[in-house]
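Me: I would like to learn how to read a few features of a protein model. Could we take them one at a time, starting from the inside?

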Amino acid sequence: MALHEELCATCRTLDIASLFITELEHEEAIALGPLETILNKSKDCGCCKVIVDSLLAQQPWQKVDVNMILAFLRAEGNGTDVWLYSYPFIEEDNTSPTLRVAVSTSHGKQTSRLPWREHVGDLQLMRTSAKQLELAVLGHGKEMQQTADVGIARNWLDDCLRDHGSLCSQPGSGPDSDSSFGRPSLLRVIDVSSRCLVNLPNGTQYVALSYCWPRKPGLTNTRASNIDFREKGSISMSKGLSETINDACNFVRGMSERYLWVDALCIVQDDGADKAHQISQMDLVYGSALLTIVVAPDSTEAEGVGLPGYRIRTKLRHQIIHKTHGVELSIPKPCLDDVVSYTRWETRGWTFQEAHLSRRLLFLTSQQLYYQCACGVRCEDTTGEGLTPTAFIKHSTNLWNPKSAYENDSDDNWGDMFLSRSAHTDASRLLGTHDLLLTDFCRRELSFPSDILNAIQGILKVFSDSMRTEFYAGLPLKWLDHALLWQLYGAGERRTGFPSFSWAGWESIVDPPVWLGTRDTRRLITWYRCVAGQLLSCETDAPMVEEHASFIVPPDNTIQNIKAQNAPSHDMMLVTTTQTASFSLSTMSIDYVHHSTGKDGEHMWILDANSHRAGIILLDRGWKSIHVTEKAKYEFIMLSMAGISRVGDLLNFDEAYYEDREWCLLNVMLVAWKSDGVAERVAVGYIHCDAWREAGPATMVVHLV
Ligand SMILES: [Zn+2]
Ligand SMILES: [Zn+2]
């Protein structure tokens, strides 16, 4: 190893190797001076160069100039001084932790806002140097190959199959799974050896593909081609076969697997019956696949050039390795979540359930390969092989597993995202998972808006199992009191073909009832749903509580007799007997901007007849600007009791007039009546139950569409 490298005076005093042997805590970080100086010295000093490179390797900075980073640092008021410390990257029982070096621009403060993690850059020791220092290689840097390493992907899969047991082998199963599952029926797959379509032979494994359809659709299977594609070699010889699918066939063959499922070719795209059948079993198609290959190139990469990193060595795939102070250091690649957040794949509707329903995912990204299962993440640039599933991994690093079945990070309870078919044991956790997934899904884009429920049908099927309920228009019937409380952000654009009471009926961003803060609801009314002209009761586990007796509305005796021919004709309709009452609305001074989307809505006070604040509602600005005037009255229907009295610090009513007590709020829906007598949802909010009573509500049958 070269010992004659040029180092500046500051760097000469450093003992980089020792930082990987003994933890140097944040509070004792070594000051390296201002970033400007380090930047100037980096032309001559090898160590200063590593520092600058580690900063530039952070995902948000990869496309910007270092001077912009400096400007940003100054604007943030963080100062531009740089410190070094080390932190435990992996901690396992009975072994000493694997350390990484952090390049930080904040000292003494535990959190820097730059970029949005605790530190700005990361350095890892290469495993060759770890061996020289007599450290275990686990968690240290690994030299990457020029192109995506098919062999290593096979090894990860074999390790998972051998070591991870039922956590990774049962589709959609949780740690407490008691479920058995079926295999998809009538499944065509590509035989990657013969390059033709075959029916999946009994007892064989297959790999599934998750990718974005190119903007210009390539070769797909049709009724006309379905027979021809059965002929050996026919798929390779067909015109228009995308490079992505062609590469995927080669990749799967390289992994010594034989069958590949790709939607474009394995579903007969112009056969309505086949399409409906295959869509209805997406949970099984992805859940039963041995592995799902995710094609997730960086959004700046050209389309149609095949699998990222497979043939072309992208710029991002380049691994930065430096020799300094007698050791080899590399800049670790970003964490999987960060890499994926810069891809088009992450923005598409259909890919959402493909990832969530799969047991094992192999991400082909522009940075490197990442393998993810319930028990861990593996990647090419860091030694993760042999890592135990319960090990603690530093959040947002390249071996951290956002989908871990183990809650090994107390800050972010990511275990909640783990889909399970097992019957729920913890309703609020289950609803939490449901809400989180739904919010994420509603942000996605669909080429065809009418796909909104199809694209999530597989996930809803898994929820059907765990929630022990049917879904209607995307809402879990047993949890309807909760599920009707979703909120809308931005302008309320209706999606045609879906009812207004469902999130699916809107093209805007939908949020679960987080804003309403009410996982706790109590039932007051009985819902019926319209199915093929018949009204069926919506079964629910939620009991009606004696203490709310004055608000409970028993179903109208005649409601079951209302046939669709009597009621207005709407495909999807909810019917109930409930109370309605009118209130006016008034603008309040607090605006609300959605935390992650930046879309805004407008909170409005709901006023009683004496202009006391009686409740609160979030309206979209578009509707408000057209419909709301100070003098007008708006009609609300009663939905359920709400288990809170305030949103954060904001009390929902005039405390001087209405008493703040437990279960004092009603969840209500502002509705608009259509000419045929049915009601459409406008928004959902709260009203104090005393105000409701004073308003003299009427009881009536409401048809909600
Ligand atoms: Zn230096
Ligand atoms: Zn596994």
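Predicted model: local features only at pLDDT ≥ 70, side-chain atom pairs only at ≥ 80, totals over all residues.

Me: Which residues of the largest nonpolar core touch the most other members?

Reply: A nonpolar core is a set of buried nonpolar residues joined through side-chain atoms within 4.5 Å. The largest one here has 151 residues, and Phe 251, Trp 261, Trp 503 and Phe 636 touch the most other members. Strand S26 (residues 634-642) gives the most to this core, namely 7 residues. At least three residues come from each of domain 2 (151-317 + 333-393) and domain 3 (474-704). A second, separate core has 35 residues, including Cys 8, Ala 57, Val 66 and Ile 69.

Me: What are the protein donors of the zinc ion (ligand 1), and how are they spaced along the chain?

Reply: The donors are the SG atoms of Cys 8, Cys 11, Cys 45 and Cys 48, 2.2 to 2.3 Å from the zinc ion (ligand 1). Their spacing is C-x2-C-x33-C-x2-C. The angles among the 4 donor atoms run from 98 to 113°, and the site is tetrahedral. Cys 45 is buried, at 3% relative accessible area, and Cys 48 is buried at 2%.

Me: Why is the arrangement around the zinc ion (ligand 2) tetrahedral?

Reply: Four donors count as tetrahedral if all angles lie between 85 and 135 degrees. Around the zinc ion (ligand 2) the 4 donor atoms subtend angles of 99 to 116°, so the arrangement is tetrahedral. The donors are Cys 160 (SG), His 164 (ND1), Cys 168 (SG) and Cys 373 (SG), at 2.1 to 2.3 Å. Along the chain they follow C-x3-H-x3-C-x204-C. Cys 160 sits in helix H7 (residues 150-163) and Cys 373 in strand S13 (residues 369-373), so this pair ties together parts 213 residues apart in sequence. Both Cys 160 and Cys 373 are buried.

Me: How many disulfides does the count come to?

Reply: A disulfide is a covalent bond between the sulfur atoms of two cysteines. The cut-off for a pair of sulfur atoms is 2.5 Å, and the count comes to 0 disulfides. For Cys 47, the nearest cysteine sulfur is that of Cys 11, 3.8 Å away.

Me: Is Cys 47 buried or exposed?

Reply: Buried means under 20% relative accessible area. Cys 47 is buried, with a value of 2%. Cys 538 is also buried, with a relative accessible area of 6%.

Methods:
Residues numbered from 1 in each chain as written. Chains lettered and ligands numbered in written order. Heavy atoms only, no water. Donors = N, O, S within 2.8 Å, 3.2 Å for Na, K, Ca; no water. Tetrahedral: all angles 85-135°; square planar, octahedral: opposite > 155°, others 65-115°. Helix = DSSP H or I, 4+ residues; strand = E, 2+ residues; numbered from the N terminus. Buried < 20%, exposed > 50% of the residue type's maximum accessible area, 1.4 Å probe, protein only. Domains from an automatic or database assignment.
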